[in-house]
Amino acid sequence: MQRAAMDPAEEPPSMLWGLDPVFSAFARLYVRDILVMTESTQVPGIYFYKLHPIYKVDVLGTVVYKRERDDFFCYGVDDGTGVINCLCWKNDLFKEEDPAPSGAQHSDGAQGGFNLVAELKKLRETQRSRCRLEIGELLRVRGPVKTSRQQREIMASTFYKVDDPVMAVQVAWMMDVPQLYRLCYDKPPQLQPDAAGDSPISVVGKATNIIKDFFKQKSVTRFRPYDVQDLLQPLIPCQPQTASADQEPVAGPSACQQLRQLLKEALQVLQDEGVVYRKVKSQDEVYNVRTIRDVSIPPVTRQLVTLVRTPAVAPSQVTARDTDLLIAVKDVIREDSRREKYAEKGCHILHVLSAVRQRHSLNVSKATLQLVLKSLECNSDIVSTSEDHYTAF
Amino acid sequence: MLPAPAVFHFPWEVNSGEVQEGESVRVFGRLVCYQPEESRATLSAQHASKEHRVAVHTLFVEPFNPIIGAQYLVLGEIEKAEGVGAVIRARVLNCVDGVNVALLQNAINEQRSFFIEREQTSDNAQAT
């Protein structure tokens with residue numbers, strides 16, 4: 001049970017404390033743990049529970065000790081594992097005198113049944129009664145932990161009496177806290193900003209974002225994988241370039257292989273989202289980028305439309321080939337809407353999908369088509385008549 | 001200045017000697033009788049088809065409204081007297097009638113098993 005300050009070497013640097021969600025929360029620790037938390041050497045006033053930086057706590061317990069002064073209450077709170085002093089400042093509720101009687105008479109006649117002054121007085125009384133507790137009552141306290149005169153105490157930012165006639169609240173608390181310990185407090189915090197333990201999912205997420213930004217910046221319409229491969233280089237942890245003689249060869253995939261694997265995963269994600277598609281599945285891996293630009297709209301209006309409906313995209317020169325897919329979809333819908341069969345209801349998305357696949361490319365995915373239809377609708381080229389049905393005029 | 005923390009115990013643990021003299025405990029039970037002249041109350045609880053009784057000295061918590069048959073929660077120190085057995089000198093006596101006793105027992109056991117688990121892991125950590 002060390003109360004001494006932590007070993008400075010063990011403490012995580014204060015810059016990274018904000019990364020731990022427990023630091024920003026009112027930690028529901030047992031009083032026993034609060035009393036023996038080690039204090040930080042970097043910042044006095046912050047404590048550590050198993051490497052989690054703790055600043056404020058949340059306690060529920062029985063009042064077993066009470067001391068009242070003009071400005072504050074000091075309640076000793078016992079939660080079954082320990083007893084701690086809680087400094088509860090009296091706010092203005094206790095300092096105000098009763099309102100002048102003249103005020104009460106004024107509003108009596110005016111409001112009829114509802115006397116505002118009397119109601120306010122009742123509210124104040126209720127608030128006061130929730131703050132003034134006797135020994136044996138249940139108190140909930142939340143606030144930062146302070147050490148004063150060698151004693152730990154909680155400076156209450158919020159405190160109130162808990163009405164718990166059938167012990168429901170206490171029982172729930174007793175069941176919850178061990179779970180909280182198992183799930184949060186006893187698990188070591190993830191305080192490394194760029195941890196080696198980064199899950200593969202987030203790295204792929206970063207990769208797709210990098211590639212999407214590249215598309216927007218360079219207004220890419222078609223590309224091959226090697227065009228974007230170099231963009232992902234920074235995401236691969238590089239091998240240390242030490243010239244030491246006894247550098248061991250690192251087992252596992254080389255940087256090149258990792259890069260290629262990441263690229264493959266990122267392109268797959270982009271295909272699933274519908275951002276890119278392969279028009280022709282051949283040995284030559286060419287990807288088409290679904291574009292949200294339309295030839296007909298003048299640049300200024302286009303910019304406005306895209307600003308309103310979609311993230312801002314820089315306008316650039318648009319060639320006829322860019323909007324192949326867009327035009328193909330538009331044509332399909334326009335032509336089929338003229339047919340009697342689809343005149344009233346419009347074309348179902350799956351019908352459009354099969355038509356586009358026949359006409360344009362077999363590899364258009366439903367996700368890609370959905371994004372194209374959405375952008376066409378934003379440009380008012382087509383209209384959706386109902387869920388998944390579209391028509392053009 | 002601050003009293004010792006009152007740990008939850010079951011009524012059948014109080015008389016069986018599992019609790020030491022002077023220890024602060026929290027115990028629940030049904031109020032079966034109350035003698036105001038002697039400041040004595042008796043709480044009872046059923047466990048393993050046996051009735052267990054706990055004697056409570058109520059001097060510090062009087063006056064209180066005794067509801068015979070209601071569930072109470074007592075918080076206080078164990079005193080062992082000759083011929084009487086263990087008596088709890090109550091600092092807090094709350095009526096908690098309506099409490100789900102089974103749930104409360106579960107909660108107490110859950111908390112205990114968590115603390116045991118903790119001690120075991122810390123023992124393992126120290127041993128290794």
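Predicted model: local features only at pLDDT ≥ 70, side-chain atom pairs only at ≥ 80, totals over all residues.
**Close-up 1. Helix 11 meets helix 13 in chain A.**
Let's start with two helices of chain A: helix 11 covers residues 324-338, and helix 13 covers residues 349-359. Their axes come within 10 Å and cross at roughly 125 degrees. That angle makes helix 11 of chain A oblique to helix 13 of chain A. The crossing of helix 11 of chain A past helix 13 of chain A is right-handed. From helix 11 of chain A, the contact is made by Leu325(A), Val329(A), Asp331(A), Val332(A), Ile333(A), Glu335(A) and Asp336(A). Helix 13 of chain A contributes His351(A), Val352(A), Ala355(A), Val356(A) and Arg359(A) to this contact. Sorted by class, the contact of these two helices has 7 nonpolar, 1 polar and 4 charged residues.

**Close-up 2. Helix 13 meets helix 14 in chain A.**
Now follow helix 13 of chain A to another partner, helix 14 of chain A, made of residues 366-378. The two axes come within 10 Å and cross at roughly 105 degrees. Helix 13 of chain A and helix 14 of chain A are therefore roughly perpendicular to each other. On the helix 13 side of chain A, look for Ile349(A), Leu350(A), Val352(A), Leu353(A) and Arg357(A). They meet Lys366(A), Leu369(A), Gln370(A) and Leu373(A) in helix 14 of chain A. By class, this contact between helix 13 and helix 14 of chain A has 6 nonpolar, 1 polar and 2 charged residues.

**Close-up 3. An open sheet in chain A has the strand order 14-16-15.**
This sheet has 3 strands, with antiparallel pairing. Which strands are at the edges? They are strand 14 (347-348) and strand 15 (383-386) of chain A, each of which pairs on one side only. Strand 14 of chain A and strand 16 of chain A (residues 389-391) are joined in the antiparallel sense over 2 bridges. Within this pairing, Cys347(A) has Tyr390(A) in strand 16 of chain A as its bridge partner. Helix 11 of chain A packs on the sheet and touches strand 14 and strand 16 of chain A. The direction of helix 11 of chain A makes about 85 degrees with that of strand 16 of chain A. In the loop between strand 15 and strand 16 of chain A, find Asp388(A). The phi of Asp388(A) is near 70 degrees, a positive value in a residue other than glycine. Most residues other than glycine have a negative phi.

**Close-up 4. Another open sheet in chain A has the strand order 11-13-12.**
Here too the sheet has 3 strands and antiparallel pairing. Strand 11 (222-223) and strand 12 (276-277) of chain A stand at the edges with a single partner strand each, so one side of each has no neighbour in the sheet. Strand 11 of chain A runs antiparallel to strand 13 of chain A (residues 287-289), and 2 bridges join them. Look across from Phe223(A) and you will find Tyr287(A) in strand 13 of chain A.

**Close-up 5. Strands 3 and 4 of chain B form a hairpin.**
Strand 3 of chain B (residues 40-47) runs antiparallel to strand 4 of chain B, with 8 bridges joining them. One bridge partner to look for is Arg53(B) in strand 4 of chain B, paired with Ser44(B). The hairpin has 2 residues between its strands, and Ala48(B) in the turn has a positive phi of about 50 degrees. The loop between strand 4 and strand 5 of chain B holds Pro63(B). The peptide bond from Glu62(B) to Pro63(B) is cis, with omega near -5 degrees.

**Close-up 6. Strand 6 of chain B pairs with strand 4 and with strand 5.**
Strand 4 (residues 50-57) and strand 6 (residues 85-95) of chain B pair in the parallel sense over 3 bridges. Strand 5 of chain B (residues 71-81) runs antiparallel to strand 6 of chain B, and 10 bridges join them. Ile88(B) in strand 6 of chain B stands opposite Val56(B) and also opposite Ile78(B). Strands 5 and 6 of chain B form a hairpin with 3 residues between them.

**Close-up 7. Chain B comes into contact with chain A.**
Here 30 residues of chain B are in contact with 30 residues of chain A. About 2500 Å² is buried between the chains, with carbon and sulfur atoms giving 63% of that area. In chain B, Leu2(B), Phe114(B) and Arg118(B) lose the most area to chain A, together 23% of what that side buries.

Technical notes: Residues numbered from 1 in each chain as written. Chains lettered and ligands numbered in written order. Heavy atoms only, no water. Axes fitted to C-alpha atoms, helices over the stretch in contact; angles between N-to-C directions. Helix = DSSP H or I, 4+ residues; strand = E, 2+ residues; numbered from the N terminus. Parallel < 35°, antiparallel > 145°, perpendicular 65-115°, else oblique. Left-handed = near helix turned anticlockwise from the far one by under 90°. Contact = heavy atoms within 4.5 Å. Nonpolar A, V, L, I, M, F, W, Y, C, P; charged D, E, K, R; others polar. Pairing = 2+ DSSP bridges. Buried area = accessible area lost by both parts, 1.4 Å probe.
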